[in-house]
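Dear colleague,

I am handing over the structure below, and after it you will find my notes on what was found. Please read them with the model open beside you.

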Amino acid sequence: MIDYDADFPQSARAFKDALKAVDALLFVTPEYNRSIPGGLKNAIDWASRPYGTNSFANKPSAVIGASPGAIGTAVAQQSLRSVLGFCNSPQMNAPEAYIHFTPGLINDAGEVTVASTETFLRHYMEAFHTFVARVVSTLPKDA
Ligand SMILES: Cc1cc2nc3c(=O)[nH]c(=O)nc-3n(C[C@H](O)[C@H](O)[C@H](O)COP(=O)(O)O)c2cc1C
């Protein structure tokens with residue numbers, strides 16, 4: 001990766017521009033072998049470079065995930081939190097959300113069909129909104 005720092009690819013620059021344009025990042029991840037998918041890790045690694053231009057520094061984030069597995073991406077989320085910590089992204093610590101995905105939980109219109117889960121996720125997003133507002137009002141946007 002360091003070999004590309006001096007001549008960073010256009011696709012990676014575009015990705016970094018997209019990250020710069022938003023106030024916060026909500027990571028929605030599945031769990032692959034008790035960690036995050038390689039594609040997600042690869043994207044984070046690119047955006048953390050070139051050295052000194054880490055796109056995640058001071059960018060508020062939260063992590064959430066859904067899986068058919070009983071632990072609902074809990075281990076993957078902890079792995080991702082470790083990466084984001086190193087990348088100096090202020091993370092929402094609580095609430096956490098480990099969604100056990102069952103068929104029909106989300107319909108074709110993208111609606112959550114279980115009322116208790118819908119309420120839980122609504123509260124999660126309200127908490128994230130409050131967290132983001134607090135971070136962006138106190139921290140500079142760039143590293
Ligand atoms: C390579 C691979 C590893 C997986 N490992 C886990 C796992 O560790 N824990 C889990 O709960 N589900 C695991 N799953 C099941 C995924 O959570 C499930 O397939 C999920 O729907 C994948 O979402 P995606 O198709 O958007 O990547 C794994 C799936 C794949 C393909």
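Pro95 lies in the loop between α3 and β3, where helices (H or I, at least four residues) and strands (E, at least two) are DSSP runs, numbered from the N terminus. The peptide bond from Ala94 to Pro95 is cis, with omega near 5°. A cis bond also joins Arg49 and Pro50, with omega about -10°, and Pro50 belongs to the loop between α2 and β2.

Before going further, please keep in mind that this is a predicted model, in which local features need pLDDT of at least 70 and side-chain atom pairs count only at pLDDT 80 or more, while totals for chains, interfaces and linings use all residues. Residues are numbered from 1 along each chain as its sequence is written.

The loop between α2 and β2 also holds Asn58, which has a positive phi of about 65° although it is not a glycine. Asn33, in the loop between β1 and α2, likewise has a positive phi, of about 50°. Asn33 is exposed, with 9 other C-beta atoms within 10 Å, whereas Asn58 is partly exposed, with 16; a residue is called buried if 20 or more other C-beta atoms, placed from the backbone, lie within 10 Å of its own, exposed if 12 or fewer, and partly exposed in between. As background, most residues other than glycine have a negative phi, and most peptide bonds are trans.

Turning to the sheet, three strands form an open arrangement in the order β1-β2-β3, with parallel pairing (two strands pair if DSSP finds at least two bridges between them). Strands β1 (25–29) and β3 (98–100) stand at the edges with a single partner strand each, so one side of each is left without a neighbour in the sheet. Strand β2 (residues 61–67) pairs with β3 over three bridges, and Gly65 stands opposite Tyr98 in β3.

The largest nonpolar core has 13 residues, of which Ala62, Val63, Ile64 and Leu80 touch the most other members; such a core is a set of buried Ala, Val, Leu, Ile, Met, Phe, Trp, Tyr and Cys residues joined through C-beta atoms within 7 Å. The elements giving two or more residues to this core are α2 (38–47), β2 and α3. Leaving out residues up to four places away in sequence, Leu80 touches Phe27, Thr29, Ile36 and Val63, where contact requires C-beta atoms, placed from the backbone, within 7 Å.

With best regards

Note on methods
Two residues are in contact if their C-beta atoms, placed from the backbone, lie within 7 Å.
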